[in-house]
Amino acid sequence: PAGNRSPRRQLQQDDLGEKGNYIIQAVKHISLAQQCEADANFHMAFAYLKSSVGILLTGVQGKYILTLL
């Protein structure tokens, strides 16, 4: 039942299907960025955030191109 689920359930690959893999990948990079920021490793945190934005942009552009075909 839906009432038994935790409200902060982790996003799973099956939730988005094959085309949503880029979202899972970006979320992992954002999580790593948060860990780096907590450790005061701001250079790596920024690098992970920048990487996650690139992953999202590439994934969205790929989805947009596929919908045009």
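I began with I30, which sits in helix α2, residues 21-38. Helices here are DSSP runs of H or I with at least four residues, strands are runs of E with at least two, and both are numbered from the N terminus. A note on the source: this is a predicted model, where local features need pLDDT of at least 70, side-chain atom pairs count only at pLDDT 80 or more, and totals for chains, interfaces and linings use all residues. Residues are numbered from 1 along each chain as its sequence is written, and side-chain values use heavy atoms, with hydrogens and water left out.

Next I looked up accessibility. I30 counts as partly exposed because its relative accessibility is 32%; buried means under 20% relative accessible area, exposed over 50%, and partly exposed in between, with a 1.4 Å probe and protein chains only.

Which residues does I30 contact, leaving aside neighbours within four places in sequence? I found L49 and S52, contact meaning heavy atoms within 4.5 Å. I also checked I30 against S51: they are 21 residues apart along the chain, and their C-alpha atoms are separated by 8.7 Å.

I then followed S52, which belongs to helix α3, residues 42-68. S52 is at 2% relative accessibility, so it counts as buried. Not counting residues up to four places away in sequence, S52 touches A26, H29 and I30.

Last, I stepped back to the whole protein. I noted 3 helices and 0 strands, in the pattern α-α-α along the sequence. Buried residues make up 16% of the 69 residues. Of the contacts between residues at least 6 apart in sequence, 34% join residues at least 24 apart.
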